[in-house]
Number of protein chains: 4
Amino acid sequence: MAKMKAAIFAEPGRIVLDDKPIPEVGPLDALLRITTTTICGTDVHILKGEYPVARGLTIGHEPVGIIERLGRAVEGFHEGQRVIAGAITPSGYSAACLCGCASQDGAGTKHGFKAAGGWKFGNTIDGCQAEYLLVPDAMANLAPVPDALTDEEVLMCPDIMSTGFSGAESGEIRIGDAVVVFAQGPIGLCATAGAKLRGATMIIAVDSVPARLAAARSLGASHTVDFNAVDPVAEIMRLTDGRGVDVAIEALGTQATFEAALRVLRPGGTLSSLGVYSTDLSIPLGPFAAGLADLKIVTTLCPGGKERMRRLMSVIASGRIDLKPLVTHRFKLDQIEAAYELFGHQRDGVLKIAITP
Amino acid sequence: MAKMKAAIFAEPGRIVLDDKPIPEVGPLDALLRITTTTICGTDVHILKGEYPVARGLTIGHEPVGIIERLGRAVEGFHEGQRVIAGAITPSGYSAACLCGCASQDGAGTKHGFKAAGGWKFGNTIDGCQAEYLLVPDAMANLAPVPDALTDEEVLMCPDIMSTGFSGAESGEIRIGDAVVVFAQGPIGLCATAGAKLRGATMIIAVDSVPARLAAARSLGASHTVDFNAVDPVAEIMRLTDGRGVDVAIEALGTQATFEAALRVLRPGGTLSSLGVYSTDLSIPLGPFAAGLADLKIVTTLCPGGKERMRRLMSVIASGRIDLKPLVTHRFKLDQIEAAYELFGHQRDGVLKIAITP
Amino acid sequence: MAKMKAAIFAEPGRIVLDDKPIPEVGPLDALLRITTTTICGTDVHILKGEYPVARGLTIGHEPVGIIERLGRAVEGFHEGQRVIAGAITPSGYSAACLCGCASQDGAGTKHGFKAAGGWKFGNTIDGCQAEYLLVPDAMANLAPVPDALTDEEVLMCPDIMSTGFSGAESGEIRIGDAVVVFAQGPIGLCATAGAKLRGATMIIAVDSVPARLAAARSLGASHTVDFNAVDPVAEIMRLTDGRGVDVAIEALGTQATFEAALRVLRPGGTLSSLGVYSTDLSIPLGPFAAGLADLKIVTTLCPGGKERMRRLMSVIASGRIDLKPLVTHRFKLDQIEAAYELFGHQRDGVLKIAITP
Amino acid sequence: MAKMKAAIFAEPGRIVLDDKPIPEVGPLDALLRITTTTICGTDVHILKGEYPVARGLTIGHEPVGIIERLGRAVEGFHEGQRVIAGAITPSGYSAACLCGCASQDGAGTKHGFKAAGGWKFGNTIDGCQAEYLLVPDAMANLAPVPDALTDEEVLMCPDIMSTGFSGAESGEIRIGDAVVVFAQGPIGLCATAGAKLRGATMIIAVDSVPARLAAARSLGASHTVDFNAVDPVAEIMRLTDGRGVDVAIEALGTQATFEAALRVLRPGGTLSSLGVYSTDLSIPLGPFAAGLADLKIVTTLCPGGKERMRRLMSVIASGRIDLKPLVTHRFKLDQIEAAYELFGHQRDGVLKIAITP
């Protein structure tokens with residue numbers, strides 16, 4: 001049985017490169033030879049043991065690759081095609097998918113709704129920080145990459161861009177809205193870009209790292225707020241003449257940002273939450289107006305599927321948004337442990353690292 | 001200056017009947033002679049000092065009455081018409097109203113969004129537990145009562161029915177949904193009826209009072225759960241074969257019901273919250289799936305305005321729902337202190353009390 | 001190769017019972033042994049040559065049956081299960097499906113949008129008026145029938161009920177709406193029932209056959225209009241006090257009903273069109289208000305997929321709607337030519353015919 | 001009684017400048033001293049007698065001015081403020097307004113829905129091509145102009161920009177959509193800009209005038225099609241690889257553009273119609289797929305009201321769109337007959353003319 005290199009979760013604190021067998025291809029699957037992938041903040045949660053996965057699992061959910069082999073029931077694709085697949089891989093045929101909720105197509109409950117989470121790669125099945133990746137339900141998930149786009153140009157589509165944009169989409173931003181985005185990591189930056197694409201006119205980006213605030217401006221923020229320099233809630237209320245924002249996007253996953261988002265929301269506004277939380281959350285009575293303020297709190301898991309990927313690549317191809325500056329570092333797969341070391345400690349101004357086998 | 005009887009908030013613990021001047025009529029106002037009104041659970045919060053209002057304020061926000069006088073700028077109505085007005089009285093011309101958020105048209109901030117809450121009667125201006133009521137922005141708020149309907153038949157429209165139905169509407173219930181409604185007080189009962197009107201097929205009503213569970217069945221519940229007899233979360237998961245509900249409506253305003261609603265929600269489901277809370281709320285990490293389950297939490301304040309009232313009265317007139325059984329007791333305005341005594345302690349199976357001056 | 005009986009389109013004017021091979025089962029397919037099916041008005045269009053299909057094609061798109069064999073890639077079902085499949089069979093993995101438009105998943109263009117129509121059974125592939133039916137993309141389309149429901153009770157789910165309800169759903173009927181449904185054939189009757197399930201309070205059913213108007217009343221119509229006795233447009237405007245209806249559902253497919261629907265619509269209203277038209281349509285300038293009236297015209301093709309079927313069966317199981325009276329006649333598959341003769345000429349008060357092999 | 005200059009409709013073919021009394025101010029009104037206004041294509045329809053208005057009516061519905069006097073019931077504004085009002089002037093308190101359909105608040109039917117059209121200025125009441133304008137329901141309609149913006153910068157907000165943007169909004173354009181806009185007059189150009197603001201990535205602008213196609217490119221079109229040089233339907237299908245567009249915006253009001261929009265629409269797509277038509281329309285059976293293609297046809301009348309105006313001015317202030325190039329000519333009110341001569345014949349590359357009293 002042929003072997004490949006893969007970054008696996010060994011135990012809390014250790015992700016290591018190891019040999020694994022190249023997977024068998026089932027009738028609905030596709031095997032990809034990975035050409036580029038990257039590390040996500042969620043992978044660091046896994047590394048630290050904050051988000052539990054099975055020991056020995058291959059990590060990673062942001063694949064760019066070449067189709068190496070197709071399952072016997074797969075039609076409409078051919079070997080040698082360059083493709084991406086979303087971080088979330090809906091089957092298409094689950095009840096969740098057929099009910100307008102494709103991201104919640106859990107691997108263990110394909111034919112029902114029971115479990116949360118259609119996130120499979122590097123979570124419930126082996127992921128893509130490896131030489132090869134098995135993509136389930138290939139017909140729903142393989143999205144051919146246009147020749148004009150490089151691997152790095154589409155590397156943000158599977159997760160960062162899809163998640164960030166969904167913050168703006170689920171917030172149902174309207175032309176002329178005032179929007180705030182809390183935290184300007186890769187997902188927050190994409191949420192800022194998404195807010196602009198949806199027609200917001202005041203887009204306030206909150207962070208404390210000057211390089212991230214600068215990136216936010218170049219991606220669409222009209223105002224930036226350094227939460228170390230000013231009280232962000234007071235500053236946002238001042239910027240909006242006391243009205244508050246129409247939509248507040250949370251892109252970090254902490255009580256502090258969740259609560260601040262609630263505090264700056266106008267009556268009738270929407271808190272669009274993207275963060276992965278690691279504690280219970282508290283909703284303060286006052287900003288919640290005791291339940292009387294027609295508020296919405298909406299959480300969104302990264303939309304996947306080939307049509308979503310096609311659309312995101314069309315945004316890249318249109319030139320309306322340039323995410324290449326997000327790739328600040330490049331490593332070989334052999335050096336992935338060093339890449340985790342750099343990324344996990346947010347050294348050297350890192351935003352995203354391109355990993356190539 | 002002519003005088004009238006009015007139930008005023010004297011101090012925490014005391015709502016008393018007192019004399020007040022009959023109000024002056026401004027150009028946009030209408031003066032109603034109240035023919036029937038009622039007491040709301042929120043009024044009891046005011047009585048107990050749990051929800052703060054000014055001392056001396058007339059309480060009550062559910063008016064049925066006769067137009068006694070119209071402001072000089074009011075067109076389209078005539079004195080002597082029998083009308084209702086919603087508990088929430090949008091002006092129509094505020095920024096909130098013109099932005100699709102009419103319930104958040106705060107009296108003090110008509111031309112902006114700053115403050116929450118378009119609830120004015122018995123909150124920021126004098127209410128309707130009195131012989132006369134001044135209705136602001138009369139052209140937006142007076143809704144003529146069809147001759148075929150009695151005062152008591154339309155008495156639930158201004159608040160209970162509008163709020164309860166909005167729980168089903170904001171939850172965006174679809175034909176075939178499974179829905180749970182936590183608490184079967186007057187608002188919860190109307191939410192149960194609203195869930196049926198929107199096409200839910202499994203409607204689970206939760207309470208512990210047998211008479212309320214029986215009322216829930218007659219208004220549309222397909223299943224009832226007595227939370228004193230069984231663990232409601234476990235029972236609801238069992239009834240839905242482990243899938244959870246599509247929409248959970250919270251109609252009480254406590255941490256326990258809010259949290260239970262979250263726990264029984266399927267991934268991608270909606271928690272539609274109607275309760276008036278009196279403490280901070282906690283969102284437990286697990287049922288919230290760390291923010292990854294595509295959940296929505298939506299709060300709704302009772303929709304008002306004359307068109308909403310017209311629609312609700314058309315539902316009554318159609319015979320599709322009969323809310324008359326909710327009026328379990330009748331008192332004269334002179335006896336309102338006794339009515340508060342009964343209602344505040346939930347004695348004698350009381351649901352709603354019709355008060356007539 | 002084993003043979004089966006099947007009703008095939010021989011030429012315009014002739015649908016005949018003939019022998020055909022029992023189909024081979026591909027990896028994603030399921031073979032059903034049909035236990036009950038029925039004839040649709042669309043089948044009569046095919047018979048008359050008004051809607052073109054290939055000669056030799058097996059007709060029929062409303063199957064109830066038993067799983068006889070499953071493709072090798074199909075999981076989550078087992079042989080011997082009693083199931084239905086929708087008239088429209090989305091693959092789940094097409095771009096159309098993944099873009100929220102599952103009904104438009106055309107057989108020849110699974111991976112793109114080009115052609116209209118995800119209707120395959122009895123249109124682009126063999127249908128179910130036969131002893132056996134091959135269901136493509138079985139994991140997306142097989143819906144197990146609850147034991148408590150008979151074949152006849154679920155026979156309307158695959159097309160009539162799904163299409164009729166979708167008229168109310170696409171019209172986005174709100175609680176308190178006034179709705180008219182033009183034509184009370186099986187689909188119009190289900191649209192009437194759907195309007196009631198969505199909370200309309202005035203539901204006007206238009207037809208000229210007394211038995212159909214009576215059926216409409218029992219399924220939810222609050223008013224009926226016999227278009228032979230009165231001018232339906234004038235009568236509907238009278239019933240709505242000159243305001244017109246919020247939603248007009250067209251369930252026949254003619255210029256006359258389409259135009260009447262437009263004429264009775266209030267400004268801002270929605271014409272929800274279900275009919276299959278056979279001529280160009282004309283939009284008269286006046287009722288269209290020269291394009292200035294914020295009108296919507298929405299067409300909907302029968303939603304399919306297993307989750308839709310599950311939901312419709314849950315409506316039947318809930319007892320909220322009883323469609324059994326729609327089955328007015330019963331025939332054996334051997335007598336299907338006689339059944340077409342009866343149904344095609346609308347003899348003997350026929351609504352739907354149950355066909356059993 | 002003081003007099004003012006006003007451009008009135010004298011008879012088909014003649015709009016003339018004449019003296020009229022300065023209007024009386026009712027309790028809900030505001031009197032504006034007009035500082036800048038403009039001529040709309042609809043005014044040319046009136047001039048030609050194609051759209052009927054009363055003889056003697058003052059024309060014009062795009063006002064910028066200074067508050068000269070306020071009605072006694074008007075609060076929240078002060079004399080001397082520079083404001084705009086939308087072409088459509090919702091009252092705020094009509095049933096239409098309170099039902100989410102503010103544009104359909106007809107002057108003659110404020111308390112019902114009967115008549116279409118909330119367009120009053122220069123249609124049912126005197127308009128703004130005059131020295132003074134009476135604004136009804138002032139509290140709902142006066143929108144203060146930020147000091148940083150000039151009259152000409154906000155001149156497009158009352159109609160052109162609001163209408164054009166609404167084409168993109170009603171089409172519910174999503175990030176990544178392919179959109180076509182038929183006709184690149186002032187409204188079509190704003191629809192093109194609106195499509196970009198909503199996140200479309202392929203935006204195809206159709207016209208035949210090179211200057212307009214160039215303007216379309218600068219406002220957001222990714223592709224332009226000269227319908228004199230190529231068959232626009234074939235070209236759009238080619239540009240979209242045969243898939244058709246997600247949304248087609250009609251911005252002219254002719255059968256040819258309406259039909260072409262239908263032909264290039266993908267199954268499940270939306271035709272968003274802005275044009276004012278002057279003939280019946282024909283829907284061809286094939287592109288309509290006999291009613292089976294899940295198509296939507298949506299018409300939208302220019303949204304008005306002060307909050308809409310505030311939002312549009314915030315878009316201008318944000319610098320995301322520059323409509324100043326649309327003002328190609330400037331005339332004094334005294335010369336308005338010459339302005340109509342130029343504009344009516346589309347001479348000298350005219351797009352919009354600023355008129356100043």
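**Figure 1. The twelve-stranded sheet of chains C and D in the predicted model.** An open sheet with mixed pairing runs in the order β10(C)-β9(C)-β8(C)-β11(C)-β12(C)-β14(C)-β14(D)-β12(D)-β11(D)-β8(D)-β9(D)-β10(D). Strands, at least two residues in state E, and helices, at least four residues in state H or I, are DSSP runs numbered from the N terminus; two strands pair if DSSP finds at least two bridges between them. The edge strands, each pairing on one side only, are β10 (223-226) of chain C and β10 (223-226) of chain D. From one strand to the next, the twist averages 15°. This is a predicted model, in which local features need pLDDT of at least 70 and side-chain atom pairs count only at pLDDT 80 or more, whereas totals for chains, interfaces and linings use all residues. Residues are numbered from 1 along each chain as its sequence is written, while chains are lettered from A and ligands numbered from 1 in the order in which they are written.

Figure 2. Strand β14 (residues 296-299) of chain C pairs with strand β14 (residues 296-299) of chain D in the antiparallel sense, over three bridges. C:Lys296 has D:Val298 of β14(D) as its bridge partner. Helix α9 (residues 255-263) of chain C packs on the sheet and touches β8 (178-182), β11 (245-250) and β12 (265-273) of chain C, its direction making about 150° with that of β12(C). Contact between two residues requires C-beta atoms, placed from the backbone, within 7 Å. Axes are lines fitted to C-alpha atoms, for helices over the stretch in contact, and angles run from 0 to 180 degrees between N-to-C directions. In chain D, helix α6 (residues 186-197) lies across β8 (178-182), β9 (202-207) and β11 (245-250), at about 170° to β8(D).

**Figure 3. Symmetry of chains C and D.** Chain D is superposed on chain C by a rotation of 180° with 0.0 Å of shift along its axis (RMSD 0.0 Å). The two copies are thus related as by a two-fold rotation axis. Superposition is by least squares on the C-alpha atoms of residues with pLDDT of at least 70 in both copies.

**Figure 4. The contact of chains A and D.** Chain A contributes 15 residues and chain D contributes 15 residues. On the side of chain A that touches chain D, α5 (157-170) and α10 (306-318) of chain A are the elements giving two or more residues, and α10(A) gives the most, with five residues. A rotation of 180° with 0.0 Å of shift along its axis superposes chain A on chain D (RMSD 0.0 Å). The C-alpha of A:Arg198 is the one in chain A nearest the axis, 2.3 Å from it. Of the interface residues of chain A, 100% are also interface residues in chain D, so the copies meet through the same surface.

**Figure 5. Helices α6 and α7 of chain A.** Helix α6 (residues 186-197) and helix α7 (residues 210-219) of chain A pack at an angle of about 25°, with their axes 9 Å apart. α6(A) and α7(A) are therefore roughly parallel to each other, a term for angles under 35 degrees. A:Leu189, A:Thr192 and A:Ala193 in α6(A) meet A:Ala215, A:Ala216 and A:Leu219 in α7(A).

Technical notes. Parallel < 35°, antiparallel > 145°, perpendicular 65-115°, else oblique.
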